[in-house]
Amino acid sequence: MARRANWKGCSKLPLDSCAIELCPATSSSERVRFRTLSRKNREPGKRQFIDAETNEVVEFDQQVKGCGSARAPSSL
């Protein structure tokens, strides 16, 4: 796939000028992912979802994405 410039322009110097193109460093097919590491030992961390009412860990298969307020909860 050919790269596509986000911006094209020209830089003018006293004796010369040159064309400039700004291109993205990654494509949409290449995702950049960052892991959260521990400062102490540089090991990857874990995330847990905690139920606000019971303070218990919510298992992955019990998690749902949702939106709404406390009055009208809904899930997607």
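Let me begin with what counts as a patch: a patch is made of residues with over 30% relative accessible area and no salt bridge, where like charges are joined within 9 Å and nonpolar side chains (Val, Leu, Ile, Met, Phe, Trp, Tyr) within 5 Å. A salt bridge, in turn, is a side-chain nitrogen of Lys or Arg within 4 Å of a carboxyl oxygen of Asp or Glu. Accessible areas come from the Shrake-Rupley method with a 1.4 Å probe, and for residues only the protein chains shown count as cover.

What we have here is a predicted model, in which local features need pLDDT of at least 70 and side-chain atom pairs count only at pLDDT 80 or more, while totals for chains, interfaces and linings use all residues. Residues are numbered from 1 along each chain as its sequence is written, and side-chain values use heavy atoms, with hydrogens and water left out.

So, to the patch itself. Which residues form a nonpolar patch on the surface? They are Trp7, Ile20 and Leu22, and together they have about 280 Å² of accessible area. Leu22 sits in strand E2, residues 17-22; strands (E, at least two residues) are DSSP runs, numbered from the N terminus. With a relative accessible area of 48%, Leu22 is partly exposed, on a scale where buried means under 20%, exposed over 50%, and partly exposed in between (1.4 Å probe, protein chains only).

Now follow E2 to its partner. Strand E1, residues 7-12, runs antiparallel to E2, and six bridges join them; two strands pair if DSSP finds at least two bridges between them. A hairpin links E1 to E2 through four residues, and Lys12 has Ser17 in E2 as its bridge partner.

Last stop, the backbone. Most residues other than glycine have a negative phi. Arg42, however, has a positive phi of about 60° although it is not a glycine. Arg42 is in the loop between E2 and strand E3 (49-50), and is exposed at 57% relative accessible area. Asn55 also has a positive phi of about 60° without being a glycine. You will find Asn55 in the loop between E3 and strand E4 (57-58), exposed at 62%.
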